[in-house]
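Here are my notes on the model you sent. They are in numbered points, to be read beside the structure.

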Amino acid sequence: MKYVLMFIETEEFATEFAALSPAEKEEAYRRVYQWFDDHADKITNRGSKLQGRETATTVRLDSGQLTTDGPFIEGKEVVSGFTEIDVEDLDEALRMVKTWPACPVIEIRPVAEM
Amino acid sequence: MSTEDELARVVRDHAGRLAGALVSLLGDFSAAEDLVQDAVEIALKRWPVEGIPERPDAWLFTVAKRRGLDVLRRQQNYRLKLALLPPPEQSPPDDRLRLIFTCCHPALAREAQVALTLRVVCGLTTAQIAAAFLASESAVAQRITRAKRKITDAGIPYRIPRDDELPERLNEVLTVIYLLFNEGYLSSTAERAHSRDLVDDAEWLTALLHGLLPNEPEVAGLLALIRLHRARTAARFTPAGDLILLEDQDRTAWDHAAIADATALLTRTARRYHAPGPYQLQAAIAACHSEAPTWPETDWPQILVLYDMLLTLQPTSVAGLHRSIALSYVRGPAAALAELDEMAAGLQQYSLFHATRAQLLRDLDRLAEAHDADERAAELTANPAQLGLLNERLAR
């Protein structure tokens, strides 16, 4: 089954990360790359890391194409990246996610078959 | 045993087995579960009139299969699979363990886990679940439909978790059963004696789990815990249906044979595994109470030690509350009240906290404060049996 993992940052995580030294940041990135390498056979689309929420723009087509600054949901938790995986079932996705070395929240969503 | 109880028992013994076999066969949890539920509904209509068939398993099997061939006629692959389904006398391996783990998957909401387990593993109808939880039938039906859709759409597997995942997942299952047990135990009153006995379902489920996973000490612990509590049933209510507190119960009315059996199970488990967990510890506390000839002769120091162990594993304010009761018998009501008041922040909305404070305050002759605390306790409970008891205290 295919799932998209949505990586979610909290304000606390973002603040802590910003406070890391360059060497610590590099180490944090290394752990993330390692995770992608460890699960390479399950990852069908590495997806992307997204720029920060302050860079988001939202367009509401149902409100006369209203264009606004910021993400579509105001909240303390924001999606900061995504990846598509292909695994046996939800349990395998859960196992994979439990070893994720970075942001503290991950949403697992099955991909709809179209 | 009333016909209704017997009916419930027969359905429970066979419905889960059939569900397990059908899910394995069709590989579709939702479709299989629908067929079993249909068969159960038909059985509950026809058996009271026609009598319970000699082979209820074969009867349910035939009805579910016929229904499946009918309902699933457009799905050719299901029809073929159903046609291949062996009759139950060839007794397939017990698939119910897988069924239990799927129903109690942590990706499902707690109330969905409870409703699914009752319906799929124990064979309750949606109406019976709704009645047991005082919920509307449509709310329960919706909860079940949503949960079944999630199982299919989110890819929740139908299998026994791997060894490294088993402790966490088993804990999830035990939590669901414990919740059922508590719900049933606290809501059982003489008035509601006619409604579904969830305690009976909880004991049955735990016994099934114990049979399927005989080497799990916490499963044995929960089984002993439930049996020890059930052994006191006959002494828990007055003929008018009012709740009698443990300290006031007629201990000769307890089922002492059941107490001895449950205690033996607990002792065997403790000796064999040396792995005390929350359920074994709670059972050991219940066993201390059950073995005491009178309330004052209870081994309070032992109970206090068990609560300390429980709090190390599971530091919950509710366990702390119960510990303070034991403490009052070991070190006096003043010491217990002091400890209880330290935990007040986490327990303000909990009726038993105020009822316990009231008891301790009364022991200390602070009667006006005791009265206020009992009033607060009464405001916070909807349970008729507990309310009756509190109102009686307030009227004194």
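1. Contact here means heavy atoms within 4.5 Å. The model is a predicted one. With that cut-off, and leaving aside residues up to four places away in sequence, Gln113(B) touches Cys103(B), Cys104(B), His105(B), Pro106(B) and Leu108(B), and also Glu172(B) and Val176(B).

2. Is Gln113(B) buried or exposed? Its relative accessibility is 0%, so Gln113(B) counts as buried. The residue lies in helix α6 of chain B, which covers residues 110–121.

3. The axes of α6(B) and α8(B), the latter spanning residues 137–153, come within 9 Å and cross at roughly 95°. Angles of 65 to 115 degrees count as roughly perpendicular, and therefore α6(B) is described as roughly perpendicular to α8(B). On the α6(B) side the contact is made by Glu111(B), Ala112(B), Ala115(B), Leu116(B) and Arg119(B). Arg143(B), Ile144(B), Ala147(B), Lys148(B) and Ile151(B) supply the α8(B) side. Sorted by class, this contact has six nonpolar and four charged residues, with no polar ones.

4. Further along chain B is helix α20, residues 384–395. Its twelve residues reach 16 Å from the first C-alpha to the last, close to the 16 Å expected at 1.5 Å a residue. Which residues of α20(B) are buried? They are Ala385(B), Leu389(B), Leu390(B), Arg393(B) and Leu394(B). The cover over these buried residues includes α18 (351–363) and α19 (367–379) of chain B.

5. Helix α19 of chain B also holds Ala368(B). Exposed means over 50% relative accessible area; Ala368(B) has 58%, so it is exposed. Between Ala368(B) and Ala358(B) there are 9.5 Å in space, C-alpha to C-alpha, and the two are ten residues apart in sequence.

6. Chain A can be taken as a whole. It has three helices and six strands, and the order along the sequence is β-α-α-β-β-β-β-α-β. The C-alpha atoms fill a box of roughly 45 × 45 × 20 Å along the principal axes.

7. Of the 114 residues in chain A, 29% count as buried.

How values were computed
Residues numbered from 1 in each chain as written. Chains lettered and ligands numbered in written order. Predicted model: local features only at pLDDT ≥ 70, side-chain atom pairs only at ≥ 80, totals over all residues. Heavy atoms only, no water. Helix = DSSP H or I, 4+ residues; strand = E, 2+ residues; numbered from the N terminus. Buried < 20%, exposed > 50% of the residue type's maximum accessible area, 1.4 Å probe, protein only. Axes fitted to C-alpha atoms, helices over the stretch in contact; angles between N-to-C directions. Parallel < 35°, antiparallel > 145°, perpendicular 65-115°, else oblique. Nonpolar A, V, L, I, M, F, W, Y, C, P; charged D, E, K, R; others polar. Expected span 1.5 Å × (residues − 1).
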